[in-house]
2 protein chains.
Amino acid sequence: MLIGRVVNTNAAWLASKLTFLGYAVRRILVVPDEEGDIVEAFREAVDRADVVVSTGGLGPTPDDITNLAFCKAVGAEPVVNEEALRMVREKYEARGYPLTQERIKMAMMPPGAKPLPNPVGTAPGILYEIGGKVVVILPGVPREMEAIFESHVEPLLRERGPPVYFSERVVVVRGVPEADAAPLIREVMRIDPRVYVKSHPKGFEVDAPLLHIHIYASAGSREEAEALVERAAGRLVELIKLRHGERAAVSTG
Amino acid sequence: MLIGRVVNTNAAWLASKLTFLGYAVRRILVVPDEEGDIVEAFREAVDRADVVVSTGGLGPTPDDITNLAFCKAVGAEPVVNEEALRMVREKYEARGYPLTQERIKMAMMPPGAKPLPNPVGTAPGILYEIGGKVVVILPGVPREMEAIFESHVEPLLRERGPPVYFSERVVVVRGVPEADAAPLIREVMRIDPRVYVKSHPKGFEVDAPLLHIHIYASAGSREEAEALVERAAGRLVELIKLRHGERAAVSTG
């Protein structure tokens, strides 16, 4: 990222999720894979914020040092977390690979940390609470980061976050492939930062694609959340009819 | 950016440029459009780095406060820079618009700052030197930021930067539209962070598109820079022939 070869899409994804959950994102910081920089970044972040989310540096290669640098930042000696080690071991054993020192490293975290299962990769995430604050450390691969966040971090932050009301609605679309729906979904999400839209493809036939598009909104009151979802659903249906009217069938529920 | 609606492509573009010029990018930081945050971010950055580049917050709206916050960060009273005011006035007068207070604000900077002409927008950039360090403040609109950087910042940083040798080569491609060349160019740039590739469309016909693809490389010696350019040009030609061989004509010079 610091040499400009990768655009930081993780930061945008997380900022969108956190905003939706009612949190105010105050800083995005990118530092090199160097211990001193990572330690300093964690200390600064824990000092400033109630919730800190980091991505990257949890893999088996020598430059993956985020977990160890985090231990240093909080003044803890890294230990092999038995639950994490079991997660890592299972992934490798299933593929017939041995548990090397580099792989054991992925299970190291401060005492008291909670490993977060990684459903699509090998390195577990890390959840650590310190002085009433939450630190979440996730892998850098976007689909791993997203999967861990959605299964294990989002529910926790929702529970601990500010009082926020959620509303949800599903729009069922037949005849429009997911790739063609994507730009319309992005357009609908631009309505408001508290609107989040996600499509779930249900049909596999190229001829008759079936999408369940879930629209979520969050707000300080139930009425406001519902109004946002209404507005977003209305706009989505309008856009689908406008762009794909000849082949699409839309129903909302 | 902090609500996740915009991905920070400016940071990647600038990081790539600065790496190419021989600089080591040490931090990317995003803060809210709030005076306290911007002041703190500038102070931290000037303290840490020899070169600081910021983007965003130079426009006419009330939340555009980067130039004023920067004055506060360096302890200077903002003044209307006459050269900057002339640049701003010319842009608006050409379109028949009056010079309002909001527009005059775009010409305010610390005494001694140098305004950088904006060839594609209204807000000038700002160049400020402090204690042997360089601060560059650019608009957030990518094409304005890029245009000012390439015309006025790159030559300066090249001159002041570490001793770096540059090499350049042009590959002329007929028959491949610019959009189809873009992914190949991205792939070639992945060879090395010191390789930079830019396509210039020269033909306008859909039937016979003509691209001049400039390949630049920087390195600590002339030989190394030339070898990098050679390698990148070879890879580009290989990719074009592989993907578009049936319709492409390639010549290198």
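This is a predicted model: local features need pLDDT of at least 70, side-chain atom pairs count only at pLDDT 80 or more; totals for chains, interfaces and linings use all residues.

Visitor: What is the area buried between chain B and chain A?

Guide: Start with who takes part: 32 residues of chain B and 32 residues of chain A are in the contact, where contact means heavy atoms within 4.5 Å. Carbon and sulfur atoms give 49% of the buried area, and the total is about 2,500 Å².

Visitor: How many salt bridges does the rule find across that interface?

Guide: A salt bridge here is a side-chain nitrogen of Lys or Arg within 4 Å of a carboxyl oxygen of Asp or Glu. One example pairs B:Arg26 with A:Asp37, at 2.7 Å from N to O. Across the interface of chain B and chain A, the count comes to ten.

Visitor: Which element gives the largest share of the side of chain B that touches chain A?

Guide: Helices (H or I, at least four residues) and strands (E, at least two) are DSSP runs, numbered from the N terminus. On chain B, the elements giving two or more residues to this side are α1 (9–20), β1 (28–30) and α2 (35–48). The largest share is five residues, and they come from α1(B).

Visitor: Which residue of β1(B) stands opposite A:Ile28?

Guide: Strands pair if DSSP finds at least two bridges between them. Strand β1 of chain A (residues 28–30) is joined to β1(B) by three bridges, and the two run antiparallel. Opposite A:Ile28 you'll find B:Val30.

Visitor: How far apart are the C-alpha centres of the two domains of chain A?

Guide: An automatic or database domain assignment sets the bounds, giving domain 1 (9–160) and domain 2 (165–252) in chain A. Eight residues of domain 1 are in contact with nine of domain 2. Their C-alpha centres lie apart by 31 Å.

Visitor: Which residue forms a salt bridge with A:Lys198?

Guide: Between domain 1 and domain 2 of chain A, the count is one salt bridge. The closest N and O atoms are 2.8 Å apart, and the partner of A:Lys198 is A:Glu150.

Notes: Residues are numbered from 1 along each chain as its sequence is written. Chains are lettered from A and ligands numbered from 1 in the order in which they are written. Side-chain values use heavy atoms; hydrogens and water are left out. Buried area is the accessible area (1.4 Å probe) that two parts lose on being put together, summed over both.
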